[in-house]
Amino acid sequence: MKEHKGKQGLRMVPQQCRHERNPHYRGRARAIAQEAGRGVEKFGNTAVIAAMYGPVEVKLQKISIEKASVEAVYHPKSGAPRIADKAREHLIRNTCEISLVATLHPRSSILIVVQEMQDSGGLLACAVNAACLALINSGISMKFLVAAVSCMIDQQDNIILDPDNKQLLDSKATLMFVFDIVKKNIVACHTTGTFSQTQFQESLLKCREASSQIFTYYKDMVKKYANVIDDDDDDDDEDPLFTLR
């Protein structure tokens, strides 16, 4: 890993980190001057960028004396947000709010901004994971990490993890689960189509098992830049910036 000096301090040259379950899965965490944390999530040809701002001063109408006000904004690839985009925005906000220790920052605001870059399937799961990466990178206190996994049930009742848009054409139902890292409990769930209770449980088990690899991916990613933070703790004059992927 190379180092470059600039006006903003120390910047680490990007490194690649691939997900074991899918060789096309990549992520990147970045701390820069404008955002507290940023996460870039790429799964296959689906790509999402997320940024976390805050805690900052909150508007008077949204102030809470007990905890921070958590908001999320989802921007589609092009055009104005649609109803489906607002639904994604709502799920991301609720997921992030549950995972954060918001009581540590009363009378403040935490904003998560998600920008869709490319949708080739599994967009919502990709967006949730990108938001989690941004929170991890910001260093804000969290109760637990979250990992989202999507799957589909095709016309032959087969369960397929992480389907792309071509596979989704043959789907009769899609399911997306968000799990916490502690006990792998469900934090959020989004489904479309029709399916039986048995198919739901089978999909849940497969997605829960797959989430372990995402959590491992998070840990491997943090290990890579944790040493960078430790090495610069003694230098109070520099604000290290780091980029990893």
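## Close-up views of a predicted model

**Figure 1. Helix α2 is largely enclosed by the rest of the structure, because 16 of its 16 residues are buried.** The model shown here and in the other views is predicted. Buried residues are those under 20% relative accessible area. Helix α2 covers residues 123-138, and its 16 residues should span 22 Å at 1.5 Å a residue. The C-alpha atoms at its ends are 23 Å apart, which agrees with that expectation. After α2 comes Gly-139, a residue with a positive phi near 85 degrees.

Figure 2. The chain has 245 residues, of which 47% count as buried. Among contacts in the chain with a separation of 6 or more, 66% are made by residues 24 or more positions apart.

**Figure 3. Four strands form an open sheet in the order β9-β8-β10-β11.** The pairing in this sheet is antiparallel. Its edge strands are β9 (159-161) and β11 (186-193), each of which pairs on one side only. From one strand to the next, the twist averages 20 degrees.

**Figure 4. Strand β8 is largely enclosed by the rest of the structure, because nine of its nine residues are buried.** Strand β8 comprises residues 146-154. Val-146, Ala-148, Ser-150, Met-152 and Asp-154 point one way from the strand, while Ala-147, Val-149, Cys-151 and Ile-153 point the other way. The residues of both groups are buried. Towards β10, β8 is joined by nine bridges, and the two strands run antiparallel. Within this pairing, Ser-150 stands opposite Met-176 of β10. Towards β9, the pairing of β8 is also antiparallel and involves three bridges. There, Cys-151 has Leu-161 of β9 as its bridge partner.

**Figure 5. Strands β8 and β9 form a hairpin with four residues between them.** Asp-157 is located in the loop between β8 and β9. Most residues other than glycine have a negative phi. With a relative accessible area of 41%, Asp-157 is partly exposed, because that value lies between the 20% and 50% cut-offs.

**Figure 6. Helices α1 and α2 both contact strands β8, β10 and β11.** Helix α1 (residues 83-99) lies across β8, β10 (171-180) and β11. The direction of α1 runs at about 165 degrees to β11. Helix α2 packs on the sheet and touches β8, β10 and β11. The direction of α2 makes about 175 degrees with that of β8.

**Figure 7. The largest pocket has a volume of about 400 Å³.** Its lining is made up of 20 residues. Which of these residues are the closest to the centre of the pocket? They are Gly-122, Leu-123, Leu-124, Thr-174 and His-190. Two or more lining residues are given by each of the elements α1, α2, β8, α3 (165-168), β10 and β11. Strand β10 provides the largest share of the lining, with four residues.

**Figure 8. Arg-107 lies in the loop between α1 and β7 (108-118).** Its phi is near 60 degrees, a positive value in a residue other than glycine. Is Arg-107 buried or exposed? Arg-107 counts as exposed, because its relative accessibility of 52% is over the 50% cut-off.

**Figure 9. Leu-169 is found in the loop between α3 and β10.** The relative accessible area of Leu-169 is 75%, so this residue is exposed. How many residues separate Leu-169 from Asp-154 along the chain? The two are 15 residues apart in that sense, and their C-alpha atoms are separated by 8.8 Å. Asp-154, in contrast to the exposed Leu-169, is one of the buried residues of β8.

Notes:
Residues are numbered from 1 along each chain as its sequence is written. This is a predicted model: local features need pLDDT of at least 70, side-chain atom pairs count only at pLDDT 80 or more; totals for chains, interfaces and linings use all residues. Side-chain values use heavy atoms; hydrogens and water are left out. The expected span of a helix is 1.5 Å times one less than its number of residues. Buried means under 20% relative accessible area, exposed over 50%, partly exposed in between (1.4 Å probe, protein chains only). Two strands pair if DSSP finds at least two bridges between them. Axes are lines fitted to C-alpha atoms, for helices over the stretch in contact, and angles run from 0 to 180 degrees between N-to-C directions. Contact means heavy atoms within 4.5 Å. On a 1 Å grid over the protein atoms alone, a cavity is a set of points where a 1.4 Å probe fits but cannot get out, and a pocket is an open set with protein on both sides within 12 Å along at least five of seven lines; lining residues have an atom within 4 Å of a point. Grid points are joined across faces, edges and corners, and a volume is the space filled by probe spheres set on the points.
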